[in-house]
Amino acid sequence: MLLSKYKGSALAALAGDCIGAEYEAAWQPVAYQTLMKLEEILKNSQAASRRFLNYTDDTEMAHELAKSLVENGKFVAKDVASKFTKTFFTSPPCRYYGASVRTVFEKLQKASPFSDPFGPASEQFDGQGSYGNGSAMRVFPVALFCHGNQELLEKLAALSAKLTHVHIDAINGAKLQASAVEIALSSSDGSISWLEFWQKLKDLIDKLEVDVPEKVYTNKLDMIKELIAREEVASVHEFEDKVGTGIKATEAVCAAIYAFLMCLADRQPSELSSLSKVQQVVFYSISLGGDTDTIGTMAGAIAGAFYGDEGLPSYWLSACEGEDMARDLATKLHELNEK
Ligand code: F2R
Ligand code: MG
Ligand code: MG
Ligand code: MG
């Protein structure tokens, strides 16, 4: 069962990125009908037209991080920085990296062989660091690598973030997202309520934000609880207004968590009822709009870790570039964790 959860996490993360990327530039809610139309296309697509959904920076960086953890059996900052940088400069334009992170890779490349892997990130935005969601979008392999060791998970989530993102919100976003995947790996459908899941995340963020004046995650998690608990489902516009779906880690990470918890609470839209639970989470997260590939990949990583890979249809996965790599890395991370 644990192997199914590892594969579920990596494969649903991939599907969330590949499917979400179809809508990322639209910056508006995605109608359920649009997503169900894509579902029909995927279901009926012939083998010849398979793998037409490209993954983006989210998956590319997650896979490089996973490869490094697998090859070294531990987190090696210079190696991850080297893999991120080499991939950035050799990947096709369809990866759509964040606008400012290029500067980090240019500086890392200039200072090769990566003598100061954390230096360039700490110079971003006049020393403030990036608060983009790039730290969290790629972090799920850390959760798979550290499963059962929360202290190590938080340490490696922070270190992997700091290679490109040193802003406290980006670091805490990576810790929160990785912890959500860990809670999902450690529990099962029926064994935990949405409120218990939420409470575990709230306890963590209370600890992480104890010295953070703004407490953005604390406030957004409280808002998420309020929205899920109330009778009327929030419109996507209300959600965008109160929590957000944008490029900030504080928005996209909370949106992914909201989508997962809404489905765990059985409050998913009836339009998606013919789908498996993992599919529902991925589609629901994308329907929120905004940074759809990133919200989709993070919601997918949590949902796949919770429900396993059984609910992921082969017609979804065979449409996605990177399926074999995702499967292989999940299997290797599982083997490593078993040792
Ligand atoms: N870049 C994209 N999507 C662009 C859409 C492309 C579209 N498909 C098309 O056809 O055109 N997606 C990817 O970027 C996000 C992850 O970004 P990351 O790695 O966090 O990058 P970066 O550059 O560090 O931050 C992103 C932007 O956030 C703003 N920002 C961050 N920190 C800031 C600060 N301290 N002060 C002010 N602004 C800050 C800047 O605008 C950055 O450029 C994911 O969505 C991934 O999918
Ligand atoms: Mg992306
Ligand atoms: Mg907004
Ligand atoms: Mg994105």
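Visitor: Where is K215 found?
Guide: K215 sits in the loop between helix 11 and helix 12 (216-229). This is a predicted model, and in it K215 has a positive phi of about 50° although it is not a glycine.

Visitor: What is the relative accessible area of K215?
Guide: It is 28%, so K215 counts as partly exposed.

Visitor: And D126, buried or exposed?
Guide: Exposed, because its relative accessibility is 83% and the cut-off for exposed is over 50%. D126 lies in the loop between helix 6 (119-122) and helix 7. Its phi is positive too, near 55°.

Visitor: OK, metals now. What coordinates the magnesium ion (ligand 2)?
Guide: T56 through OG1, and D57, D58 and D293 through OD, at 2.0 to 2.3 Å. Along the sequence these donor residues follow the spacing T-D-D-x234-D.

Visitor: Which residue coordinates both that ion and the magnesium ion (ligand 4)?
Guide: D293 does, and the two ions are 3.6 Å apart.

Visitor: Back to D57 and D58. Are they buried or exposed?
Guide: Both are among the buried residues of helix 3. D57 has a relative accessible area of 7%, and D58 is at 0%. Each counts as buried because the limit is under 20%.

Visitor: How many residues of helix 3 are buried?
Guide: 12 of its 16 residues, so helix 3 is largely enclosed by the rest of the structure. The buried ones include H63, E64 and L65. From its first C-alpha to its last, helix 3 reaches 22 Å, close to the 22 Å expected at 1.5 Å a residue. Just after helix 3, G73 has a positive phi of about 70°.

Visitor: What does helix 9 pack against?
Guide: The buried residues of helix 9 pack against helix 3 (57-72), helix 7 (134-137), helix 8 (140-146), helix 10 (168-186) and helix 11 (194-208). Those buried residues are L153, E154, L156, A157, A158, S160 and A161.

Visitor: What span should helix 9 have?
Guide: Its 13 residues, 150-162, should span 18 Å at 1.5 Å a residue, and its end C-alpha atoms are 18 Å apart, which agrees.

Visitor: How many residues of helix 14 are buried?
Guide: 16 of its 16, so to speak of cover, helix 14 is mostly covered. It runs over residues 249-264, and the 22 Å between its end C-alpha atoms agrees with the span it should have.

Visitor: Changing topic: which residues come nearest to ligand 1?
Guide: S100, Q128, S130, H165 and D291, out of the 24 residues around ligand 1.

Visitor: Last one. What does E323 touch?
Guide: Leaving aside residues up to four places away in sequence, E323 touches L11, L14, R51, L317 and S318. E323 is found in helix 18 (residues 323-338), and E323 is buried, with a relative accessible area of 11%.

Notes: Residues numbered from 1 in each chain as written. Chains lettered and ligands numbered in written order. Predicted model: local features only at pLDDT ≥ 70, side-chain atom pairs only at ≥ 80, totals over all residues. Heavy atoms only, no water. Donors = N, O, S within 2.8 Å, 3.2 Å for Na, K, Ca; no water. Buried < 20%, exposed > 50% of the residue type's maximum accessible area, 1.4 Å probe, protein only. Helix = DSSP H or I, 4+ residues; strand = E, 2+ residues; numbered from the N terminus. Expected span 1.5 Å × (residues − 1). Contact = heavy atoms within 4.5 Å. Near = heavy atom within 4 Å.
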